[in-house]
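Me: Hello! I am new to this structure and would like to walk through it with you, one question at a time.

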Amino acid sequence: MSNPSITPNKIRRVEPVDGAQNSHSDQQEIIEEINAVQNRIDALNEQASEEILKVEQKYNRLRKPHFEQRTNLTRKIPNFWMTVFINHPQLQMLIDEEDEEALQYMTFLEVEEFEDIKSGYRIKFGFTENPYFTNEVLFKEFILNEHGDQSSRGTPIKWKGGMDLTQRYTQQNMLKGRKRGLEEPQSFFSWFTEQESGDELGEVIKDDLWPNPLQYFLVCCVVCCDQYH
């Protein structure tokens, strides 16, 4: 979103070539006219951005009760969100067997855009009682500052004794006497405490998975049906 305060473009004057004073003067006037037109276009673009923002806010409010109804319905299907995650072509690459076992206790997923939309969003994961951690809700927030730079923060996970999935690779490597390399795997749950300037996983969840998770859940159903025909 561009800055709402519009500053007219400044024209850099070009020194005329000898003998071309008149033509240069004419050209300079045309450039100034173009600049004035461009400023009007920029003002309209800014106005359009503000109008689009209002429309997005309106429809976010209209969609909210439907998302809530969908969440209540998905709670009635065992392992709904775990199935959605492991069927998603990008998310499945980040989930191993132990992560999958923990995700079986996931009861809901919610994506909440901040009221003004342009300042960020929050992703919430709900969990029932499980053997891995005591948190009932895990969240990760993505905040955009006035310059468009993104930062993030997530829930510290309260792991139960010996069940920290984010440490298992480190512990294995310590036993082997070597440090963990960048190419070695991480738990999906490491994402909650990672802080990066850009977060592809957050964008995938917000823009692809959240709008229609059913399409990824049904992948499993289609495969199962094909196996029986």
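This is a predicted model: local features need pLDDT of at least 70, side-chain atom pairs count only at pLDDT 80 or more; totals for chains, interfaces and linings use all residues.

Me: Which residue in β4 does Leu144 stand opposite?

Reply: Residues are numbered from 1 along each chain as its sequence is written, and side-chain values use heavy atoms, with hydrogens and water left out. Helices (H or I, at least four residues) and strands (E, at least two) are DSSP runs numbered from the N terminus, and β4 covers residues 150-154. The residue in β4 that stands opposite Leu144 is Gln150.

Me: How many bridges join β3 to β4?

Reply: Two strands pair if DSSP finds at least two bridges between them. β3 and β4 form a hairpin with five residues between them, and Gly148 in the turn has a positive phi of about 85°. The two strands run antiparallel, and the number of bridges that join them is five.

Me: Which residue in β3 stands opposite Ile123?

Reply: β3 also pairs with β2: the two run antiparallel and are joined by seven bridges. Opposite Ile123, the residue in β3 is Lys140.

Me: How many salt bridges does the structure hold?

Reply: A salt bridge is a side-chain nitrogen of Lys or Arg within 4 Å of a carboxyl oxygen of Asp or Glu. One of them pairs Glu112 with Arg122, with the closest N and O atoms 2.8 Å apart. Glu112 lies in β1 (residues 106-113) and Arg122 in β2 (residues 120-127), so this pair ties together parts that are 10 residues apart in sequence. The number of salt bridges in the structure is seven.

Me: How far apart are the closest N and O atoms of Lys124 and Glu112?

Reply: Glu112 also forms a salt bridge with Lys124. Lys124 sits in β2 and Glu112 in β1, so the pair links distant parts of the chain, 12 residues apart. Their closest N and O atoms are separated by 3.6 Å.

Me: Is Glu141 buried or exposed?

Reply: Buried means under 20% relative accessible area, exposed over 50%, and partly exposed in between (1.4 Å probe, protein chains only). Glu141 meets Arg122 in a salt bridge of 2.6 Å, N to O, and because Arg122 lies in β2 and Glu141 in β3 (residues 137-144), they tie together parts 19 residues apart in sequence. Arg122 has 23% relative accessibility and counts as partly exposed. Glu141, at 5% relative accessibility, counts as buried.

Me: What is the volume of the largest pocket?

Reply: On a 1 Å grid over the protein atoms alone, a pocket is an open set of points where a 1.4 Å probe fits, with protein on both sides within 12 Å along at least five of seven lines; lining residues have an atom within 4 Å of a point. Grid points are joined across faces, edges and corners, and a volume is the space filled by probe spheres set on the points. The largest pocket has a volume of about 580 Å³.

Me: Which helix gives the most to the lining of the largest pocket?

Reply: The lining has 21 residues, and those closest to the centre are Asn60, Lys64, Val111, Glu112 and Glu113. At least two lining residues each come from α1 (21-74), β1 and α5. With nine residues, the helix that gives the most is α1.

Me: Which backbone nitrogen lies 2.9 Å from a polar atom of the side chain of Asp96?

Reply: Asp96 has its place in the loop between α2 (80-87) and α3 (97-103). Its C-alpha atom is separated by 7.9 Å from that of Phe188, 92 residues away along the chain. The backbone nitrogen at 2.9 Å from the Asp96 side chain belongs to Asp99.

Me: Where is Asn79 found?

Reply: Asn79 has a positive phi of about 60° although it is not a glycine. With a relative accessible area of 29%, Asn79 is partly exposed. Asn79 is found in the loop between α1 and α2.

Notes: A polar contact is a pair of N or O atoms within 3.5 Å; within protein, one must be able to donate a hydrogen and the other to accept it, and residues adjacent in sequence count only if both atoms are side-chain atoms.
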